[in-house]
Structures are given as C-alpha cells and as structure tokens.
Amino acid sequence: MTLLEQLGIKHPFLLAPMAGVSTPELAAEVSNQGGLGSLGLGASTASSAREQILKTQELTDQPFQVNFFCHQPAVLDAQIAQQWIDYLSPQFQKYGATPPEQLNCIYPSFLDNDDFLNVVLETQPKAVSFHFGIPHAHQIQALKAAGILTLVSATNLAEALAIEAAGIDVIIAQGIEAGGHRGIFNETFDSSVRTADLVQLIKKHCQLPIVAAGGIMTGQQAKVLLNLGADALQLGTAFVQCKSSNANIAYRKALFDQPITQITASISGRPARGLINHWHMQIDTPERPQVPAYPYTYDLGKQLHAAAVQHNDHGFGAFWAGSNVAQIRELEAADLINQLVLEMNFA
Ligand SMILES: Cc1cc2nc3c(=O)[nH]c(=O)nc-3n(C[C@H](O)[C@H](O)[C@H](O)COP(=O)(O)O)c2cc1C
C-alpha cells in the first residue's frame with residue numbers, strides 16, 4: 001500500500017501541524033480538498049485537544065492528523081533561569097512591566113502521562129504525529145492496536161533510524177529550512193541537514209515511507225522532493241496566510257513585510273525558525289547568557305511578548321516561518337492545494 005492509500009488521501013500534501021496557528025477549520029479545509037489536514041495540539045490541554053478533534057470531525061469526514069510534543073522532562077537550572085530573567089529584565093522595564101520571579105513548565109509532554117494518548121484513543125483520528133522525540137513503547141503499541149498511523153519528525157539520519165527501530169509507521173524528514181521548532185530529540189545538538197539531503201539520506205538507509213518537510217512553498221519544489229524519494233510533503237508556512245489559520249494581523253503583515261528568517265532558541269528554549277524580529281536583533285547578542293530549558297524559556301518569552309503588545313509593539317512575537325517564506329501566497333487552503341497539485345503535475 002502506498003502512503004497516500006494508508007492515509008486515505010488523494011494528494012501528497014499534508015498541512016503541517018502548527019500549535020497556535022492550526023484550527024479545526026483549516027484542518028478540515030485541507031482534508032476536504034484531498035490533502036491531510038492537521039491539528040497542532042502540543043500547546044493544548046487534554047480537554048482542549050479533545051474539543052478541537054471533535055470540532056474537526058464535525059467539519060470533515062475525511063482523514064486528518066493530530067500532533068503532540070514528545071520532549072524529555074525538562075530540568076530547570078535555577079541559576080541559568082535567574083540569569084535569563086535578569087538579562088531580559090530591562091526589556092520588561094521598557095514596557096513598564098516586571099518579569100516573573102520564576103518560570104513555569106507551560107507545555108506538558110506526551111511522555112509525561114497518558115492523558116493525550118487517551119484522548120487520541122477515544123477520538124480515533126487517522127494519524128498522530130510527534131515532534132521532539134518518540135513516544136513510549138506502550139503508547140506506540142496502543143496506537144497501533146487502535147489502527148492509528150504514527151509519524152515522528154527526524155532532523156538527521158540517527159533520529160530516523162531510531163524512529164524506524166521504535167516501530168513508528170512514517171518518518172517526517174524535517175530539513176533545516178523548516179519554519180517553527182526544529183524537531184531535534186536532543187535540544188543541544190542540531191545537525192542542520194537540508195530537506196533534499198535528508199530525504200535522500202533517509203531513503204538510502206531506512207525502509208519507512210518519508211514525508212518531506214521544510215521550505216516547500218510550490219508544487220515544483222514538491223515534485224523535486226518526490227523525485228528524490230519522498231512519499232508526501234508537509235507544508236506549514238505556506239498555509240499560515242490562509243484566512244482560517246489563527247495567525248494574527250501583525251504576524252500576517254510581517255510575513256509579507258520582512259520575509260527573512262533565522263533560527264533562535266531564545267524564544268522558547270529550543271531552536272526554532274521564524275521571521276527576524278527583536279529576539280534575533282536585541283536578545284541574541286554576543287553577550288547573551290545560556291537559555292533555560294524548554295518550555296520554561298517560552299513562559300518568559302510569551303510574557304515579554306504580552307508586555308510589548310500592550311504598547312503596540314509586536315517585535316517579540318513568535319512569528320514562525322520557513323526559509324522560503326518570501327514565496328508565500330495569499331490563497332485559501334482549498335485553492336492552495338489545487339495550485340500545488342497543478343504545479344506538481346506540470347513541473
Ligand atoms: C507556525 C508554525 C508552527 C509550527 N508548529 C508545529 C507543531 O506544533 N508541531 C510540529 O510537529 N511542527 C510544527 N511546525 C513545523 C512543521 O511541522 C514543519 O516542519 C514546517 O512547517 C515545515 O517547513 P515550512 O514551514 O517551510 O513548510 C510549525 C511550523 C510553523 C511554520
């Protein structure tokens with residue numbers, strides 16, 4: 001069976017799960033057009049995850065995937081945390097705000113307990129994907145027993161081999177061009193492989209189907225990766241401008257105004273690619289101290305953003321975008337899928 005048959009979709013285009021940006025409406029539009037819609041649920045509680053899945057199931061009877069974070073339990077170093085709070089303190093003061101005294105772990109991991117797993121088993125989406133690592137063996141077995149396909153992001157060959165050995169069904173080859181968080185398992189180490197190189201490497205050494213992700217904005221780019229061995233493509237940035245995404249006006253404007261990206265770990269504690277803003281220009285200076293662990297750093301980053309927004313400054317937003325963001329088009333999700341298919345077929 002091909003991957004498209006396994007997923008039950010017509011076109012090889014997967015909407016990337018995007019926590020904070022995905023909506024049930026966007027997921028359903030992509031699925032109804034023959035792609036695979038998705039929900040980024042890594043920043044949700046279990047009950048909100050359940051609600052979003054049920055809402056999506058009301059809007060489409062077609063398959064879609066849900067996505068969670070599999071980061072290892074973070075240990076917060078109190079001294080590193082204090083240095084980081086002190087370092088960002090003048091930024092808070094600029095907006096008449098005071099930084100918090102301590103940082104909180106704002107996102108649970110799928111690995112922490114089985115709450116998310118139980119929501120997935122109860123609601124039965126077609127597929128579930130994971131970022132930052134591989135679920136526990138008992139979780140993989142439970143998903144398999146329920147007939148739910150599993151996908152995990154790999155950013156290098158070693159991660160891909162570990163995914164295959166764990167019994168996962170599909171490898172997402174996330175290249176360095178990708179918008180949003182790097183899916184790296186170990187947050188201190190990134191091999192920065194390009195999408196096209198990663199697809200070829202994984203194709204050569206692994207047997208599992210490959211979904212290529214990172215920097216894909218057109219059907220022509222998709223075709224190149226399919227020719228290199230990808231079975232399907234996952235696109236995030238290309239869909240952020242769609243009306244049904246949750247992106248706010250400042251983010252949408254920035255995508256067109258300054259479509260240049262850079263990777264930083266300062267926003268969340270894990271490296272992520274986004275539009276260049278205050279984080280990259282004012283925080284990532286040569287004097288920058290070590291960032292605390294993910295997601296504690298994100299707690300502070302979100303609070304600084306909120307303080308700045310009170311003064312109409314959106315420069316501390318997490319405006320995730322891939323390196324080919326300059327090719328973004330303002331199309332509705334269904335039209336974008338049609339356009340991608342057309343370009344792919346005539347490439
Ligand atoms: C706004 C945004 C949010 C993202 N959030 C997630 C997420 O919650 N989970 C995940 O697995 N990947 C996430 N990603 C990464 C995507 O899965 C994918 O690797 C990336 O979008 C591909 O690169 P592209 O943006 O150039 O298409 C996000 C990407 C973007 C742009």
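An oxygen atom of the ligand lies 2.9 Å from a polar backbone atom of Gly 236, in a predicted model where local features need pLDDT of at least 70, side-chain atom pairs count only at pLDDT 80 or more, and totals for chains, interfaces and linings use all residues. Residues are numbered from 1 along each chain as its sequence is written, and side-chain values use heavy atoms, with hydrogens and water left out.

## The ligand and its surroundings

The protein buries 97% of the 590 Å² that the ligand exposes when taken alone (accessible areas come from the Shrake-Rupley method with a 1.4 Å probe; for residues, only the protein chains shown count as cover).

| Residue | Ligand atom | Distance |
|---|---|---|
| Pro 17 | nitrogen | 3.4 Å |
| Gly 179 | oxygen | 3.3 Å |
| Gly 236 | oxygen | 2.9 Å |

There are 22 residues around the ligand, and Pro 17, Asn 67, Gly 215, Gly 236 and Thr 237 come nearest (a residue is near if one of its heavy atoms lies within 4 Å). By class, this shell has 11 nonpolar, 11 polar and no charged residues (Asp, Glu, Lys and Arg count as charged; Ala, Val, Leu, Ile, Met, Phe, Trp, Tyr, Cys and Pro as nonpolar; the others, Gly among them, as polar).

The ligand takes up the space of the largest pocket (on a 1 Å grid over the protein atoms alone, a pocket is an open set of points with protein on both sides within 12 Å along at least five of seven lines; a molecule sits in it if more than half of its atoms lie within 2 Å of its grid points). The elements giving two or more residues to the shell are β3 (64-69) and β9 (232-235) (strands are DSSP runs of E, at least two residues, and helices runs of H or I, at least four, numbered from the N terminus).

## An open sheet

Three strands form an open antiparallel sheet in the order β7-β11-β10 (two strands pair if DSSP finds at least two bridges between them). Its edge strands, β7 (180-181) and β10 (261-264), each pair on one side only. β7 pairs with β11 (residues 272-275) over 2 bridges, and Gly 180 has Arg 273 as its bridge partner in β11. β10 is joined to β11 by 4 bridges, where Thr 264 partners Ala 272 of β11.

## Two backbone details in loops

The peptide bond from Tyr 294 to Pro 295 is cis, with omega near 0 degrees. Pro 295 is placed in the loop between α12 (278-283) and α13 (296-309). Phe 132, although not a glycine, has a positive phi of about 80 degrees; Phe 132 belongs to the loop between β4 (127-131) and α6 (137-145).

How values were computed:
A polar contact is a pair of N or O atoms within 3.5 Å; within protein, one must be able to donate a hydrogen and the other to accept it, and residues adjacent in sequence count only if both atoms are side-chain atoms. On a 1 Å grid over the protein atoms alone, a cavity is a set of points where a 1.4 Å probe fits but cannot get out, and a pocket is an open set with protein on both sides within 12 Å along at least five of seven lines; lining residues have an atom within 4 Å of a point.
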